[in-house]
Amino acid sequence: MSSDTLDRLKSPALKGQKLALTPALGIALLAWGGLVALMVFWPDKPVGFATPRFVGETHRLFALFSALLTVAVLLGLVVQWRWLFSPLQRAARWLVALAVLIAIWETVTAKLALLPAPFFAPPRALVEAYATDWYRLGDSVLNSLRLLALGFIFGSISGFVTGVAIGWSRGLGYWVHPILRFLGPVPSTALLPLSLYFFPSSFSAAIFLIALATWFPVTVLTWSGVSSVDSRYYDVARTLGASNVFLILRVAVPASLPHVFVGLFMGLGASFSVLVAAEMMGVKSGLGWYLQWAQGWAAYANMYGALIVMALLFSSLITLLFAVRDRVLAWQQSAVKW
């Protein structure tokens, strides 16, 4: 929760208002209760010869979530905990949509078997995949995080240094600009065969490709930020006796940080795609490798489970970068419009 949200929740106007159950939140509670009833009381349609596994565990899992949601709403209303109730109130429509989508998913797969198995698995198959293959999936997540962290850090640092250098020095920019125009539009995955030849292992080749995918947007946006700094800032600093090092570190870099973070967001998004492609083609562990392994064994539930983990992981990293951006640029809130 951001500082602005906390300030709004603590404002005197809101403190005097009593919390009440909104229609959207009430519909969300009914939707999740209906979803649990649909799962429990509507029998599954038999498919194949094997008895479905983890049916009861799936029902208990969704019932637990529905109960916790109800308890959280009631606690927020009875105790008037705005910090607990307000996020649920804002997410009410998404909670309704999620319950409806899961209900449709459960109906067309487990209840009516309208979609062919095993290509389309019911929710219980995802629970089974997580319960039985959590170690391999967790190991893949850790390896992907390690690979992504190394590539993104190397690419961000090199891109930042390159962008500051060419934004400050026209002479250096004369030599680097053609390289940016030549290498920038080329997808990093297209260089996978060359990287596998020049680097000693597929892991180091994947780090290079992720770093290259991160380097280009960070370089371009940092260069743009440094070049667009108002020249009057430099003039004022020079009149006070500032050196070139001071101008770069204390004037150019802080003023260009909004552009730098845009480049970091773009580089992080590009690194996700390169990470999955590199793991599919060369690395022996990771989420990309896990997707290819699950597809090869026709374990489509495991594949969907990995996709969900991947989406949650990458979304969490983006959210973390937003939090860092808000903290670092707290003094430049007027310059940050997104």
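**Entry 1: ground rules**

I count a salt bridge when a side-chain nitrogen of Lys or Arg sits within 4 Å of a carboxyl oxygen of Asp or Glu. I'm working on a predicted model, so what I jot down here is computed. With that cut-off, I get eight salt bridges in the structure.

I looked up Arg 232 and found it bridged to Asp 230, with 2.6 Å between the closest N and O atoms. Next I checked how accessible the two partners are. Arg 232 comes out exposed, at 58% relative accessible area. Asp 230 is partly exposed, and its relative accessible area is 25%.

Which residue does Arg 238 pair with? I find Asp 235, the closest N and O atoms being 3.9 Å apart. That still makes the list because the cut-off is 4 Å. Both residues belong to helix 12, which covers residues 231–239, and they are three residues apart, or about one turn of the helix. I get a relative accessible area of 43% for Arg 238, which puts it in the partly exposed class. Asp 235 is partly exposed too, at 42% relative accessibility.

Glu 106 and Lys 111 form a salt bridge, and I read 3.5 Å between their closest N and O atoms. Buried or exposed, these two, Glu 106 and Lys 111? Glu 106 is buried, and Lys 111 is buried as well.

**Entry 2: helix 3 against helix 4**

I moved on to helix packing. Two packed helices are described by the angle and the distance between their axes, so I looked up both. The crossing of helix 3 past helix 4 is left-handed.

Then I listed who touches whom. Helix 3 contributes Leu 25, Leu 29, Trp 32, Gly 33, Leu 35, Val 36, Met 39 and Val 40. From helix 4 I noted His 59, Phe 62, Ala 63, Phe 65, Ser 66, Leu 69, Thr 70 and Val 73. Sorted by class, the contact has twelve nonpolar and four polar residues, with no charged ones.

Terms used
Residues numbered from 1 in each chain as written. Predicted model: local features only at pLDDT ≥ 70, side-chain atom pairs only at ≥ 80, totals over all residues. Heavy atoms only, no water. Left-handed = near helix turned anticlockwise from the far one by under 90°. Helix = DSSP H or I, 4+ residues; strand = E, 2+ residues; numbered from the N terminus. Contact = heavy atoms within 4.5 Å. Nonpolar A, V, L, I, M, F, W, Y, C, P; charged D, E, K, R; others polar. Buried < 20%, exposed > 50% of the residue type's maximum accessible area, 1.4 Å probe, protein only.
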